[in-house]
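Trainee: I'm new to this one. Could you walk me through it, one question at a time?

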There are 2 protein chains.
Amino acid sequence: MKLLLISNSTMPGEAYLDYPKHEIKKFLGDKPLNALFIPYAAVTFSFDIYEQKVAERFAELGFQVKSIHHFSDPVKAVKDAEVIVVGGGNTWQLVRMLHDNQLMQVIREKVKNGTPYIGWSAGSNVACPTLRTTNDMPIIDPKGFDTTGLVPFQINPHYLDANPEGHGGETREQRIEEFLEINNDMYVVGLREGTMLLVEDKKMQLIGSRTARIFRKGNTPVELSSADDLSFLLK
Amino acid sequence: MKLLLISNSTMPGEAYLDYPKHEIKKFLGDKPLNALFIPYAAVTFSFDIYEQKVAERFAELGFQVKSIHHFSDPVKAVKDAEVIVVGGGNTWQLVRMLHDNQLMQVIREKVKNGTPYIGWSAGSNVACPTLRTTNDMPIIDPKGFDTTGLVPFQINPHYLDANPEGHGGETREQRIEEFLEINNDMYVVGLREGTMLLVEDKKMQLIGSRTARIFRKGNTPVELSSADDLSFLLK
């Protein structure tokens with residue numbers, strides 16, 4: 001299994017998908033591939049526009065991108081894909097459309113059988129067992145909280161250490177502690193912006209210069225870096 | 001109908017429920033009342049501890065508080081209440097427990113019939129038609145997104161103008177825009193910390209020195225203050 005699970009598409013001030021592009025290239029290799037793009041997390045802009053933004057960056061790397069909304073049979077599109085790319089946006093809308101199109105299980109099987117998977121933000125959320133560690137506003141009933149379960153732990157993308165000065169709402173860490181209170185056998189990876197997780201079979205490592213914060217009920221959170229072996233999270 | 005819908009319990013550096021206490025006193029009046037407290041949004045601390053914190057502040061104002069978890073029949077507890085108080089915490093857990101205990105409809109009826117309702121944070125979210133504008137992490141399936149619908153608009157409590165410097169995740173405004181894209185006939189009130197909405201029959205006003213930001217699909221968001229009449233939102 002090959003997964004590249006990216007925290008966020010873009011760093012402030014940079015071009016779309018710019019910072020992870022070299023890692024995407026290393027991950028996919030030199031062979032030209034046709035990538036299937038899943039733009040369902042887009043809410044305030046069209047799937048065509050989303051496809052175009054992603055296709056531009058992938059073309060630069062030597063890969064073709066076609067969005068799933070052009071296929072009359074989305075299940076077949078997944079089955080035929082050489083690469084699956086799931087973009088960010090609103091996780092709830094993404095999960096709803098994956099459920100409505102009956103894609104959750106077929107993506108799972110396809111990727112378990114070796115097709116590379118790239119996701120960022122909401123696209124990383126849906127690689128987890130459920131959407132329960134999303135940051136997004138629940139704008140629509142997803143018709144089920146379960147997602148693909150490609151990895152057995154939860155990712156919190158765009159992980160953030162502190163609230164803006166003077167804001168009294170829960171911090172991200174407090175929100176994750178609430179999650180663990182109810183889901184006490186799960187790991188949660190707080191994946192800071194500018195970082196990503198690379199999974200290759202039973203191995204996992206962090207890519208990026210910032211550490212990831214690993215949470216589990218009853219344990220003090222730990223900070224692990226790109227020098228650490230994160231494979232224990234896959235068990 | 002009498003509602004006091006508070007953005008957040010506490011301002012940084014102040015005692016619990018300190019800033020809204022004078023408004024709570026004005027709202028409830030001088031007669032000693034027995035308030036029913038609903039602590040279900042608590043996740044990382046006990047209902048007993050939550051009750052104690054709230055009861056202390058209410059005692060200072062001349063009101064008795066008893067938490068619903070002490071009653072063997074929670075539906076009857078709501079029916080008998082003189083005041084209903086719903087505290088903040090995790091909205092998902094709160095909604096799940098309100099559904100599990102079949103309280104959504106009975107609270108609605110009771111408050112529609114004149115029993116005063118006070119909520120803060122998650123407790124304000126559940127006064128709306130759905131939980132779809134909560135900021136909380138979806139740590140548990142709520143078994144239905146609908147809430148009491150005491151007001152016909154959505155509140156986003158702890159409304160926040162900007163992300164921390166350098167953070168690329170969606171701003172609160174972007175999240176609300178996503179909500180409106182799918183729910184295009186709804187008003188959303190961005191209720192900043194330190195402010196609250198007072199509803200008395202068909203009248204609504206904002207209390208606090210900061211403005212509220214009012215969103216509706218297709219309209220530029222507007223800032224309204226305590227000097228404005230917000231009653232149009234009740235229609």
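What follows is a chat about the contact between the chains, some ring pairs and a few single residues.

Trainee: Before we start, what kind of model is this?
Mentor: Keep in mind that no value here comes from an experiment on this page. The model is predicted.

Trainee: How much area is buried between chain A and chain B?
Mentor: The contact takes 41 residues from chain A and 41 residues from chain B. Carbon and sulfur atoms give 64% of the buried area. The total between the two chains comes to about 3300 Å².

Trainee: Which three residues supply more than any other three of the area that chain A buries against chain B?
Mentor: Together the three supply 19% of what chain A buries against chain B. They are Met137(A), Ile139(A) and Glu178(A).

Trainee: Which residue forms a salt bridge with Arg175(A)?
Mentor: The rule finds two salt bridges across the interface of chain A and chain B. For a salt bridge, the nitrogen has to lie within 4 Å of the carboxyl oxygen. In the one with Arg175(A), the closest N and O atoms are 3.1 Å apart, and the partner is Asp136(B).

Trainee: How many residue pairs are in polar contact between chain A and chain B?
Mentor: This count takes in pairs with both residues at pLDDT 80 or more. Between chain A and chain B it gives 13 residue pairs.

Trainee: Which element gives the most to the side of chain A that touches chain B?
Mentor: α4 (91–100), β6 (154–159) and α7 (172–182) of chain A each supply at least two residues of that side. By class, the side has 16 nonpolar, 15 polar and 10 charged residues. The element that gives the most, with eight residues, is α7(A).

Trainee: Let's move to the rings. What kind of aromatic pair do Tyr187(A) and Phe232(A) form?
Mentor: A search of the whole structure finds 21 aromatic pairs over all chains. In this one, the centres are 5.7 Å apart and the planes are at 75°. Planes over 60 degrees apart get their own class, so Tyr187(A) and Phe232(A) are edge-to-face.

Trainee: How many residues apart in sequence are the parts that this pair ties together?
Mentor: Tyr187(A) lies in strand β7 (residues 187–192), while Phe232(A) lies in the segment after β11 (222–224) of chain A. Both count as partly exposed, Tyr187(A) at 24% relative accessibility and Phe232(A) at 31%. The parts tied together by the pair are 45 residues apart in sequence.

Trainee: Is Tyr50(B) buried or exposed?
Mentor: Tyr50(B) makes an edge-to-face pair with Phe45(B), with centres 5.1 Å apart and planes at 80°. Phe45(B) is partly exposed at 32% relative accessible area. For Tyr50(B) the relative accessible area is 1%, and under 20% is the cut-off, so Tyr50(B) is buried.

Trainee: Back in chain A, which residues do Val189(A) contacts include, leaving aside neighbours within four places in sequence?
Mentor: Val189(A) sits in strand β7 of chain A and counts as buried at 0% relative accessibility. Among its contacts are Phe153(A), Ile155(A), Leu197(A), Ile214(A) and Leu233(A).

Trainee: What distance in space separates Val189(A) and Ser209(A)?
Mentor: In sequence, the two are 20 residues apart. From C-alpha to C-alpha, the distance is 16 Å.

Trainee: Which residue's side chain is joined to that of Ser121(B) by a polar contact?
Mentor: Ser121(B) lies in the loop between β5 (117–120) and α6 (122–125) of chain B, and at 7% relative accessibility it counts as buried. Its phi is near 55°, a positive value in a residue other than glycine. Ser121(B) touches residues including Ile6(B), Gly88(B) and Pro157(B). The polar contact is 2.8 Å, and the partner is His158(B).

Trainee: Last one: which residue takes a positive phi just after α5(B)?
Mentor: In helix α5 (residues 104–112) of chain B, the buried residues include Met104(B), Ile107(B) and Val111(B). What covers the buried residues of α5(B) includes β1 (2–6), α3 (74–80) and β5 of chain B. Just after the helix, phi is about 115° at Gly114(B).

Technical notes. Residues are numbered from 1 along each chain as its sequence is written. Chains are lettered from A and ligands numbered from 1 in the order in which they are written. This is a predicted model: local features need pLDDT of at least 70, side-chain atom pairs count only at pLDDT 80 or more; totals for chains, interfaces and linings use all residues. Side-chain values use heavy atoms; hydrogens and water are left out. Contact means heavy atoms within 4.5 Å. Buried area is the accessible area (1.4 Å probe) that two parts lose on being put together, summed over both. A salt bridge is a side-chain nitrogen of Lys or Arg within 4 Å of a carboxyl oxygen of Asp or Glu. A polar contact is a pair of N or O atoms within 3.5 Å; within protein, one must be able to donate a hydrogen and the other to accept it, and residues adjacent in sequence count only if both atoms are side-chain atoms. Helices (H or I, at least four residues) and strands (E, at least two) are DSSP runs, numbered from the N terminus. Ala, Val, Leu, Ile, Met, Phe, Trp, Tyr, Cys and Pro count as nonpolar, Asp, Glu, Lys and Arg as charged, and the others, Gly among them, as polar. Rings of Phe, Tyr and Trp (its six-membered ring) pair if their centres lie within 6.5 Å; planes under 30 degrees apart count as stacked, over 60 as edge-to-face and the rest as tilted. Buried means under 20% relative accessible area, exposed over 50%, partly exposed in between (1.4 Å probe, protein chains only).
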